[in-house]
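Please look over the sequence and the model shown here. A short report on the fold is given after them.

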Amino acid sequence: MVLRVNQLTKEFKRGNTSFFAVKNAGLSVYPGDFVSIIGRSGSGKTTLLNLIAGLLKPTSGSIEIGGKDISSFNDAEASRYRNAIIGYVPQGQSLLANLTVLDNVRLPFYFFRREGDAAKKALSLLEQVGIPHLAYMYPRQLSGGEMRRVAIARALINDPAILLADEPTSDLDVQTTAEVMKLFKEISLSGTAVLMVTHDLEAIHEEARVFRMDAGVLTGQA
């Protein structure tokens with residue numbers, strides 16, 4: 001098992017009021033899984049993803065990766081965990097404008113000491129996502145779909161156990177959406193689990209395990 005989420009809850013407080021962004025969520029993800037969580041904007045999908053990524057601390061519940069409860073990690077431990085175990089494809093444009101495509105992809109490789117040739121690996125990933133010819137271009141020269149492929153390659157640079165994708169097709173056309181979803185399916189078939197949140201029903205792969213989120217509550221097959 002790659003990921004086990006158990007009774008996960010995140011409560012936010014505003015003055016004298018509070019609300020649950022995530023309430024008692026439970027989820028298990030295995031190697032090679034393709035899991036999609038659908039729901040409207042504001043349903044708690046992104047909060048759940050950020051909890052799993054260690055970007056937010058839960059109010060209660062647990063998030064286990066490899067038998068370790070990451071919700072108990074301090075900031076340094078959480079940073080190392082994100083860099084080594086998780087690949088994250090955020091919403092929208094997330095590339096650094098002053099770096100080439102190649103440098104954007106290999107950047108996470110240098111956050112912690114590791115062995116290997118980052119440039120060679122980045123070029124291999126750009127080949128995998130179908131854009132090796134763009135290696136020395138800059139984000140401003142790319143289309144939206146090309147930038148998303150770069151973000152996916154960057155998320156894979158450290159061989160993560162699970163790839164998290166937050167609304168990865170929200171700003172893409174129909175054809176590019178289909179191409180990105182095909183790429184995610186190929187990634188899952190290679191053994192890396194994919195967990196995607198989306199409100200775009202057209203983006204759901206037919207073989208994905210699908211869950212629904214509504215008002216912070218995660219329910220089974222949609």
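The model is predicted, and the values are computed from it.

**Strands**

An open sheet of four strands is built in the order β2-β1-β4-β5, and its pairing is antiparallel. The edges are held by β2 (17-29) and β5 (68-69); each has a single partner strand, so one side of each lacks a neighbour in the sheet. Inside this sheet, β1 (residues 3-14) is joined to β4 by five bridges. Thr9, for example, has Ser60 in β4 as its bridge partner.

Strand β8 takes part in parallel pairing. Five bridges join it to β3, and five bridges join β7 to β8, again in parallel. The table gives one bridge from each of the three pairings.

| Strand pair | Direction and bridges | Example bridge |
|---|---|---|
| β1 and β4 | antiparallel, five bridges | Thr9 with Ser60 |
| β3 and β8 | parallel, five bridges | Ser36 with Met196 |
| β7 and β8 | parallel, five bridges | Ile162 with Ala193 |

How many of the residues of β8 are buried? Six of its six residues are buried, and the strand is mostly covered. Both faces are involved: Ala193, Leu195 and Val197 lie on one side, and Val194, Met196 and Thr198 on the other.

In soluble globular proteins, nonpolar side chains tend to be buried together. The largest nonpolar core in this model has 37 residues, and those with the most contacts inside it are Val105, Ile152, Leu163, Phe184 and Ile187. At least two residues each come from β3 (34-38), α3 (101-106), α4 (118-128), α5 (144-155), β7 (162-166), α6 (174-189) and β8 (193-198). Helix α5 gives the most, with six residues.

Which residues does Val105 touch? Beyond those up to four places away in sequence, Val105 touches Ala122, Leu126, Val150, Ala153, Arg154 and Ile157.

Asn104 is in helix α3. Its relative accessible area is 1%, so Asn104 counts as buried, the cut-off being under 20%. With neighbours within four places in sequence left aside, Asn104 is in contact with Leu95, Leu96, Leu99, Pro139, Val150 and Arg154.

Leu56 is in the loop between α1 (45-52) and β4 (60-65). Is Leu56 buried or partly exposed? Its relative accessible area is 27%, and Leu56 is therefore partly exposed, since that class lies between 20% and 50%. Leu56 touches Phe12, Thr47, Asn50 and Leu51, not counting residues up to four places away in sequence. Lys10 is 46 residues from Leu56 along the chain, yet the C-alpha atoms of the two are separated by 8.8 Å.

**Largest pocket**

Rolling a probe the size of a water molecule over the atoms shows where empty space is left. The largest pocket holds about 380 Å³ of space. Its lining has 16 residues, and Arg82, Ile86, Tyr88, Pro108 and Phe111 lie nearest the centre. By class, the lining consists of nine nonpolar, five polar and two charged residues. Elements that supply at least two lining residues each are α2 (75-85), β6 (86-89) and α5.

Definitions and conventions. Residues are numbered from 1 along each chain as its sequence is written. This is a predicted model: local features need pLDDT of at least 70, side-chain atom pairs count only at pLDDT 80 or more; totals for chains, interfaces and linings use all residues. Side-chain values use heavy atoms; hydrogens and water are left out. A nonpolar core is a set of buried Ala, Val, Leu, Ile, Met, Phe, Trp, Tyr and Cys residues joined through side-chain atoms within 4.5 Å. Buried means under 20% relative accessible area, exposed over 50%, partly exposed in between (1.4 Å probe, protein chains only). Contact means heavy atoms within 4.5 Å. On a 1 Å grid over the protein atoms alone, a cavity is a set of points where a 1.4 Å probe fits but cannot get out, and a pocket is an open set with protein on both sides within 12 Å along at least five of seven lines; lining residues have an atom within 4 Å of a point. Grid points are joined across faces, edges and corners, and a volume is the space filled by probe spheres set on the points. Ala, Val, Leu, Ile, Met, Phe, Trp, Tyr, Cys and Pro count as nonpolar, Asp, Glu, Lys and Arg as charged, and the others, Gly among them, as polar. Two strands pair if DSSP finds at least two bridges between them.
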